[in-house]
Amino acid sequence: MAGFFTSRLFFVSLALVIIAATLPLYVSGYVLGLLTVAFYFGVFAMAWDLLFGFAGEVNFGPTFLIGVGAYTAGILNAQFGWSVYLCIVLGALASVIAGLVLALPALRVRGPYFGLTTLVAVLMLQNFVVVFADLTGGEIGLTIPDVITINAGANYWIALGFMTISAAILYGLSQSPVGLVLQASGQDPVQAGALGFNIVKHKLAAFIVSAFFSGLSGALLVFYFGTASVGTVVDVAVGVNVIVSAVLGGRRTVLGAALGAIFLIVAGEFLRPTGELATFIVSAVALLVVLFFPGGFLGAALSREARS
Amino acid sequence: MRAFQILIDGFAISALYALGATGFTLIFGVSGVLNLSHGAIMVAAAVAAWAAASILGVGTYAGALIGVGVALLTAFATYFAVVKPIQDSRRIPNEEKEIFVLTGTLLWGIMIQELIAYFFTNNAKTVLPIVEGVVDILGVRTPSNEIFTAIVCCLVIALLWLLVNRTRTGKAVLAASMNPRGVTLLGLELTNIYIVVWAIYGILAGIAGVLLGMFLGVSSYSVGPLTASAFSIVVLGGLGSVSGSLIAAFVVGYLETLTAYLVSPAYRTIPALLLLVFVMYIRPQGLLGRR
């Protein structure tokens, strides 16, 4: 851990954050808005990577955690008019409860079976949102009266700060002894258990942490958008983007996941002139990365550094 | 009256689900691959059949054949361009190949879906049915096409059963699903068996896709739900168990039809999802799965 503060990765990350923090001084509000969303997405991807890369749980439903946090915060604000900050905290807490619900099957079933359970969780949440349209706004979406701020620069800094702090906590956790035990229990639960580690406790902790950051980020995102809808925080396609981001950036690196998410969103925007082909191109690039650089962006960069 | 209607409609839907899920479970059973581009391949078949019949005007039979052919080609492309490179890759650790295959086929499915949307728009397309008209069964007015769908599905599944249990190739496939190493020791090339399985899969998915296009119509939006329903049917029945998938397909098909008729079409998928969660809790390996 101590070695990290002198490593090249630390200085590169620090430089990137400082450069990113000065962006509002010279780029347009449009770019800031794009990056704001990308940063919240980065947190989704990092939280997912903690579960997949370390705990070894293939979670097909990152949007279950994100959606519960986002909709709880949105509904409390829209229906009861509670203050934005209280709603965000309660959204994150609701997401932690959702994480515990998701963790129950994870302790029983493995691999594709767990993957399907998480996928079903997303579909159920989606059905719930549509069926209880009075409460949730249904397919049209929920309009949220309050926002944190309307200043593009301030929103950008909140998102950047939030992503940086989340990245520091999640990366620190992944490199700590807890992270190592988690990694061991993901790769060989029987042996990790035989060494005397409490696997259930560690996995539950991973789910809680992952859910907390997903939910918090989801709640912040809806207060940035001013609306919560199935298409932005619950749909399976959103979850696919989160997974692709993490794999693209490099699984088991945490920080790479954020890079992947930013790449995915910025690339999607750059390709907008190509119209409907944009998603095709992004998916094709992602597939090529998966096939030829299975370690992802950061994985490829780190292994090159290790070799030299 | 209504009971008969549910019985008949449910049967056609279930048979179609069964056909779609059979190929999916066969591939998993033999090579351990969960192909998340399944829905995309089915939609590609239906759209190809629609385009051939409606734009090129080759007639319904030729259109259906072209649809199945396209599905076969797409299935081969999936295997050779996505699945095989990942399985052969030395840079991906063995225990992570599963998630890479899932991610790879998922991306591949999205690519197919986007291409279809780009060239043929997102609009729903209905393939011209091979048989037209309406038949009266027990007082229920049933489109002949629905009966045709059910008959073709049952015939194809019966043919598959014969192929797997009665031919040499089929027995090799069955053996590979039980013990891949044993098969190679007997001098059979595993890659050849995989190619046969992917060919069977392509044809099954193609027929299912074309029939679905005639029966309900498809659009590029159906890709995700189709993959999800095949996935859940296969898991419900027990991964890799063909008979389990057949039972699960009928359970899900009838449950959905019952809900749609008796409660509301809006809640159609909810009971099946609840059942799935329930089964996962009490019997994680699925109805007929072996672990």
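Of the 308 residues in chain A, 50% count as buried, a residue being buried if 20 or more other C-beta atoms lie within 10 Å of its own, exposed if 12 or fewer, and partly exposed in between, with C-beta atoms placed from the backbone. This is a predicted model, in which local features need pLDDT of at least 70 and side-chain atom pairs count only at pLDDT 80 or more, whereas totals for chains, interfaces and linings use all residues. Residues are numbered from 1 along each chain as its sequence is written, while chains are lettered from A and ligands numbered from 1 in the order in which they are written.

The secondary structure of chain A comprises 15 helices and 2 strands; helices (H or I, at least four residues) and strands (E, at least two) are DSSP runs, numbered from the N terminus. The radius of gyration of chain A, 19 Å, agrees with the value near 19 Å that a compact globule of 308 residues would have, where the radius is taken over C-alpha atoms and the globule rule is 2.2 Å times the number of residues to the power 0.38. Along the principal axes, the C-alpha atoms of chain A fill a box of roughly 50 × 45 × 35 Å.

Between the chains, 37 residues of chain B are in contact with 32 residues of chain A, two residues being in contact if their C-beta atoms, placed from the backbone, lie within 7 Å. On the side of chain B that touches chain A, α3 (60-88), α4 (97-120), α9 (223-237) and α11 (270-282) of chain B each supply at least two residues, and α4(B) gives the most, with 14 residues.

Helix α4(B) has 24 residues and reaches 34 Å from its first C-alpha to its last, close to the 34 Å expected at 1.5 Å a residue, the expected span being 1.5 Å times one less than the number of residues. Because 18 of its 24 residues are buried, α4(B) is largely enclosed by the rest of the structure. Just after α4(B), B:Thr121 takes a positive phi of about 60°.

Most residues other than glycine have a negative phi.
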